[in-house]
Amino acid sequence: MLIKFFIKPRKGVLDPQGRAVAESLHNLGFSDVKDVKVGKYIEVYIEDKDKEEAIKEAHEMAKKVLVNEIIEDYEIEIVE
Amino acid sequence: MRFGIAVYPGSNCDYDTLRVIRDVIDEHADFIDYRETNVSKYDCIILPGGFSFGDYLRPGTLSAHTPLTNAVKEYARKGGVVIGICNGFQILTEAHMLPGALMPNIHGKFVCKHQYLRVENDKTIFSSKCEKGQVLKIPIAHHDGNYFCDEDTLKRMEDNGQIILRYCDKDGNVTDEANPNGSLHNIAGIMNEKGNVFGLMPHPERAAESILGTDDGMYIIQSVLENLE
């Protein structure tokens with residue numbers, strides 16, 4: 001069983017990496033780029049279990065260590 | 001006095017800190033391994049600078065969940081004095097021993113230079129040798145020193161006098177130009193509500209002997225010493 005974590009800078013929190021990448025895309029001629037957010041993607045493989053249970057565990061992992069909710073937002077996806 | 005200096009894989013200011021405690025202020029200092037669980041014999045614990053666990057995931061995160069940090073958390077809960085310098089500050093926020101978070105510098109660059117700091121509160125055990133408004137010159141060296149917290153937390157810290165140091169110019173003006181990393185309200189060092197845990201991005205241990213260009217870090221080190229005795 002796989003848990004996918006998609007982590008990105010929280011709305012309203014400055015993202016220097018995203019800003020630099022947006023600038024670079026502009027310089028390359030992608031003039032339609034309005035905003036860029038650079039985040040993280042994490043894969044956690046766990047033993048197979050009930051999906052609801054896995055979701056609960058995933059949120060615990062996120063809150064305890066994988067995500068800092070003061071500055072980051074996250075989404076999870078469970079792949080059975 | 002017995003100082004304990006935490007050593008995580010990737011700590012790199014541990015020896016600088018040890019030297020200052022042993023050779024400059026002539027007190028006892030030990031290194032403490034990150035797997036250690038008993039820290040009760042120390043009068044003060046310092047989490048030094050560096051890149052513990054390679055800054056993997058986020059700076060300070062993996063160190064915040066080690067046996068040693070858990071023990072330090074309990075030690076602080078009982079009133080023990082804890083100082084986190086640079087990466088140590090990042091560890092303290094990730095361990096929720098201090099509010100807020102340290103984000104990448106706003107310009108995306110590593111910043112390494114002497115920095116002026118204004119003392120905002122001199123009624124703390126970390127700044128009692130300073131005067132309110134005093135300007136200190138102490139080096140900074142970090143990539144993730146951009147302090148952030150929500151508005152309620154900021155207000156609570158302001159009201160409680162928890163903000164001890166702010167980045168400023170040489171005359172003590174707290175301006176955007178004097179802010180080296182984008183830190184909220186130029187915050188450079190804060191303490192917890194109880195007043196026994198202090199985190200700061202500048203390195204007082206690199207400013208403890210005048211031969212290094214400034215010994216202003218001694219104001220902080222001597223403050224701690226005075227209050228532990």
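Figure 1. Ile45(B) stands opposite Val82(B), a residue of strand E4. Welcome to a predicted model, in which local features need pLDDT of at least 70, side-chain atom pairs count only at pLDDT 80 or more, and totals for chains, interfaces and linings use all residues. Residues are numbered from 1 along each chain as its sequence is written, while chains are lettered from A and ligands numbered from 1 in the order in which they are written. Helices (H or I, at least four residues) and strands (E, at least two) are DSSP runs, numbered from the N terminus. E3(B) and E4(B) run parallel and share 4 bridges; two strands count as paired if DSSP finds at least two bridges between them. Strand E1 (residues 2-7) of chain B is also parallel to E3(B), joined to it by 3 bridges, and here Gly4(B) is the residue opposite Ile45(B). Cys44(B) and Ile46(B) point one way from E3(B), Ile45(B) and Leu47(B) point the other way, and all are buried. A residue is buried if 20 or more other C-beta atoms lie within 10 Å of its own, exposed if 12 or fewer, and partly exposed in between, with C-beta atoms placed from the backbone.

**Figure 2. Helix H3 of chain B in its surroundings.** Helix H3 (residues 87-94) of chain B is largely enclosed by the rest of the structure, because 8 of its 8 residues are buried. Among them are Phe89(B), Ile91(B) and Leu92(B), and also Asn87(B), Gln90(B) and Glu94(B). The buried residues of H3(B) pack against helix H2 (67-77) and against strands E3 (44-47), E4 (81-85), E5 (101-103) and E11 (197-200) of chain B. Contact is counted when the C-beta atoms of two residues, placed from the backbone, lie within 7 Å. After H3(B) comes His96(B), with a positive phi near 60°.

**Figure 3. Glu226 in helix H5 of chain B.** Look for Glu226(B) in helix H5 (residues 217-228) of chain B. Glu226(B) has 11 other C-beta atoms within 10 Å, so it is exposed. Not counting residues up to four places away in sequence, Glu226(B) touches Ser128(B) and Lys129(B). Lys137(B) is 89 residues from Glu226(B) in sequence and 21 Å from it in space, C-alpha to C-alpha.

**Figure 4. Chain B, the setting for the views above.** Chain B holds 5 helices and 11 strands. Its C-alpha atoms fill a box of roughly 45 × 35 × 30 Å along the principal axes. Of the 229 residues in chain B, 53% are buried. Chain B averages a pLDDT of 97, where pLDDT is the predictor's confidence in each residue, from 0 to 100.

**Figure 5. Val33 in a loop of chain A.** Val33(A) sits in the loop between H1 and E2 of chain A. Val33(A) is partly exposed, with 14 other C-beta atoms within 10 Å. Leaving aside neighbours within four places in sequence, Val33(A) is in contact with Ala22(A), Leu25(A) and His26(A). Val33(A) and Glu23(A) are 10 residues apart in sequence and 9.0 Å apart in space, C-alpha to C-alpha. The elements of chain A run β-α-β-α-β from the N terminus on. Among these elements, helix H1 (residues 16-27) has the lowest mean pLDDT (92) and strand E2 (residues 40-45) the highest (98).

**Figure 6. Where chain A meets chain B.** Here 9 residues of chain A are in contact with 15 residues of chain B. H1(A) supplies the largest share of the chain A side, 3 residues. By class, that side has 7 nonpolar, 2 polar and no charged residues; Ala, Val, Leu, Ile, Met, Phe, Trp, Tyr, Cys and Pro count as nonpolar, Asp, Glu, Lys and Arg as charged, and the others, Gly among them, as polar. For the complex, the predictor gives an ipTM of 0.87 and a pTM of 0.95.
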